[in-house]
Amino acid sequence: MSVSLETSVEVPAVAVVDLWKRFGEHTVLRGVNLQVDRGKTVCLIGASGSGKSTLLRCMNLLEQPTSGSVILDGLDITGRDVDIDTVRSHIGMVFQQFNLFPHMTVLRNITLALREVRGFNKVDAEEIARAKLADVGLTAYVKHRPGQLSGGQQQRVAIARSLAMEPKVMLFDEPTSALDPELVKGVLDIMRQLALRDMTMVVVTHEMGFAREVADHVAFLDEGVLIEQGPPSAVFERPRSDRLRSFLSQVL
Amino acid sequence: MPTGLHNFFHTFFDLHQIADVFPSLLSDGLLNTLEISALAIVFGTTIGMTLATFLVSRRWYLRAPARVYVDIFRGLPIIVTVMMIGLGLPIAGLRVFGRNSYPYAILALALVSGAYMSEIFRSGIQSVDRGQMEAARSLGLSYLGAMRRVIVPQGVRRVLPALTNQFVAMVKDSSLVYLLGLLASQRELFSIAKDTTFQTGNLSALTAAGLVYLAITIPLTHTVNLLDRRMREGGAVRLADGATAAAPSLQLLGTQEGR
């Protein structure tokens, strides 16, 4: 969208450097390093409680890391004088529970940040919103309230809401875990298309089929440590650690 | 009719007395009561909403003073607050509003109702799912922006019934302005009824005033309840924008009730 985004190819979209996160006595992340290259899809896998969601939430500072840094497009967003609101507006986030705003129409859910954060006028914001809704196949639902939509439709609106901000990277926190099985595919299809269109994505998921097929890079976390990472073929076909082997044997 | 019963009816329901006092109740009293209570509600709601955002703040230096304020104004009898403000301030030389009793009474009522309403708003705000704030912040909205557009509108909807109680209380408590002394033209419902009662030695004027109070409070309650039901069903009323969207079509309401 603007010239400033055309940063050199060598700078990764997101780099996580020696990230630690403690909740009181409990240490959730122990020195995680992760690099997300531009246009790539990275899947974070691991058992519940392994810290993968916390890692994702640290990437837009919904959780404040205890130490370490998160570098977005070469900018350390954990730095003191960073305007976090502006940074977050360039990072899309899709939640397990959708978190659409129930008191607003579908259209308004999408135009809210376009108008409040980006400063678009109503007409332009609605044009963008309609285009993004078309991308997720929900143009017929602009005037609906989230409560009138199925879970799958709600999640697709949530994706459209994030995409409307033209984010540099999209974070997905178990986007299909709250969905009825028959609704999962529609959401995964949209994510697959995004990957094909070279959206940079970090996806926390239990959908191993999706990770194997769509991810460029898979990272396995266990008890807050990033134990193994690599292309899906390596991670899924030739796991090196016992932890990953036993995890895969349980989920595959 | 036995004498006892006759006396009872004569004391409370003397139709001549009621008919005599009604015109002045309606021409002066009703408007004055509405003026005091409406302004007290407006200012009280503003105070309450501001305090509520302090009460849910993570910063102790915002939370602590708000807490102290609420504890004091909720803990004092309202009659004490009205007299402290309405008589106390002028005596202390703080004639901020001159000699007119109204602003002092409105201020006192607003301060008290602000304390109650802040707790109502706080509970509403805190009942909104954490994910709503997270989603709003993830889109780049500031904390205050998220509060204004996402959290508060949802929180307020949930506490509308509780707010109604507060609005009704304001209408009733507006009568306390009589404590501060009023010009004849300033008398509101209760003062007119009280003065009439003292002149006639008959309480029917109070009955008449009571009827007018009910004529305000009962429709008020039902209007807010209707608003509440509408928002639960169709979410048609958009507080967030300060604008009222079209009411949901009957068909839409029908399908939703059927769910």
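**View 1. B:V80 in helix α4 of chain B, in a predicted model.** At 31% relative accessibility, B:V80 counts as partly exposed, a class that lies between buried (under 20% relative accessible area) and exposed (over 50%), with a 1.4 Å probe and protein chains only. The residue lies in helix α4 of chain B, where helices (H or I, at least four residues) and strands (E, at least two) are DSSP runs numbered from the N terminus. The model is predicted, so that local features need pLDDT of at least 70 and side-chain atom pairs count only at pLDDT 80 or more, while totals for chains, interfaces and linings use all residues. Residues are numbered from 1 along each chain as its sequence is written, chains are lettered from A and ligands numbered from 1 in the order in which they are written, and side-chain values use heavy atoms, with hydrogens and water left out.

**View 2. The nonpolar surface patch of chain B.** B:V80 is one of the residues of a nonpolar surface patch of about 770 Å², which also includes B:V68, B:I72 and B:L76. Accessible areas come from the Shrake-Rupley method with a 1.4 Å probe. Helices α3 (60-75) and α4 (78-91) of chain B each supply at least two residues, and α4(B) gives the most, with six.

**View 3. The largest pocket.** This pocket (an open set of points on a 1 Å grid, with protein on both sides within 12 Å along at least five of seven lines) has a volume of about 1000 Å³. Of the 25 residues that line the pocket, B:V56, B:R58, B:M133, B:R137 and B:Y143 are the closest to its centre; lining residues have an atom within 4 Å of a point. The lining divides into 12 nonpolar, four polar and nine charged residues.

**View 4. The second largest cavity.** The structure holds two cavities of 30 Å³ or more, a cavity being a set of grid points where a 1.4 Å probe fits but cannot get out. About 40 Å³ of space lies in the second largest cavity, whose lining includes A:I91, A:R161 and B:L139.

How values were computed:
Points joined across faces, edges and corners; volume = space filled by probe spheres on them. Nonpolar A, V, L, I, M, F, W, Y, C, P; charged D, E, K, R; others polar. Patch = residues over 30% accessible without salt bridge, like charges linked within 9 Å, V, L, I, M, F, W, Y side chains within 5 Å. Salt bridge = Lys/Arg side-chain N within 4 Å of Asp/Glu carboxyl O.
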